[in-house]
Amino acid sequence: MATGERTISFFRVMAYKSPTANVPMEDADWYEVLTFLSKQPLEKRTSNVGGRILIGEILFYEERAHLKLLKVRDIEAWLGIYNDNEKSVQDIQLDETNQLYETSIVSFLEFGNILGLIQGSTSAPTASAVVEWLEALGVFGQDVHLAVEAVLSSEARRKLTRAPEASRIETRISTTKAQALEARGSRLSGILRKVNEEFGPITVTLILQASRAKENTETRQILRAEAESLAAAADENDLGKAKARLLYYDAEDNASTQNVDFIRQRITAKRKIGSFDDEGQPIRNESAVKAILQVVAEHESELRAAVDRPAT
């Protein structure tokens, strides 16, 4: 059986009504949401935002609904074969060698609006694409805007929550990600836009550091807010680096620091994903779903702690 190792990453769906008002959603009934979408025609499960076409197919496995999200690689080729009457991508006749889509498999957990995601390749849909697709389809209403944040280990979240300030932040990011950071209230988005205007799409490393002098308290508080934005965006497909030096004070106002690497502190796992069963039939989608559910079972207590959803 052919296999390939893939990373399973976890993200939390958030709602916002302004760039500075990210808030957790009430826990959605994802089985109900996905079952409803499964009954819609293909055109109702297709989004086109900024020239990126995303298509959702619903998978049912072990009495749960899961999402197979497709990103069209060749829009011109897609438009040449697309038919409004088709109910599924599987109904569209493709040449066996036509790699028209990039695919990711997504499972939504039953608590905290957490999703587990496996990308079929590095260019397959990310967690941000999932919420872009959901928002474009108006699943939760036209006035509800969605975002995702990385699910961090409880240790990293505790460090960030306890720190009133940060003396240094460091990130490596593409200038094309300015809008994604802006949606999280990040001030770095303005810097990225300016660099993009001058140099075009380019990857930059930014290091912001403030002195420990008392007069720089406000600056360190701003860096702390930026650290939280980087933590939420800590997806290795979007950020090559996301680090902070957090600052703490004891009862006597003595300062101490701790370094945190948000990329390394995400809750992730690697699993081998089977492509074919013993009879040569494709099972990649089912294998991916099984892998996600296995990792969820192994890390459930940690995932619950990360979103404050203790088991009852």
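How many residues apart do Glu-155 and Lys-159 lie in helix H4? They sit four residues apart, about one turn of the helix. (Helices are DSSP runs of H or I with at least four residues, strands are E runs of at least two, and both are numbered from the N terminus.) This is a predicted model, in which local features need pLDDT of at least 70 and side-chain atom pairs count only at pLDDT 80 or more, while totals for chains, interfaces and linings use all residues. Residues are numbered from 1 along each chain as its sequence is written, and side-chain values use heavy atoms, leaving out hydrogens and water.

The side chains of Glu-155 and Lys-159 join in a salt bridge at 3.5 Å, N to O; the term means a side-chain nitrogen of Lys or Arg within 4 Å of a carboxyl oxygen of Asp or Glu. Lys-159 is buried at 16% relative accessible area, whereas Glu-155 is partly exposed at 37%. (Buried is under 20%, exposed over 50%, partly exposed in between, with a 1.4 Å probe and protein chains only.)

Helix H4 (residues 154-162) has Ala-156, Lys-159 and Leu-160 as its buried residues. Seen down the axis, these fall within an arc of 95°, so they line one face of the helix; the arc is taken from the directions from the helix axis to the C-beta atoms. On the other side of H4, Thr-161 and Arg-162 are exposed.

Over in helix H8, Glu-300 and Arg-304 are also four residues apart, and they form a salt bridge with the closest N and O atoms 2.9 Å apart. Glu-300 is partly exposed at 31%, while Arg-304 is buried at 18%.
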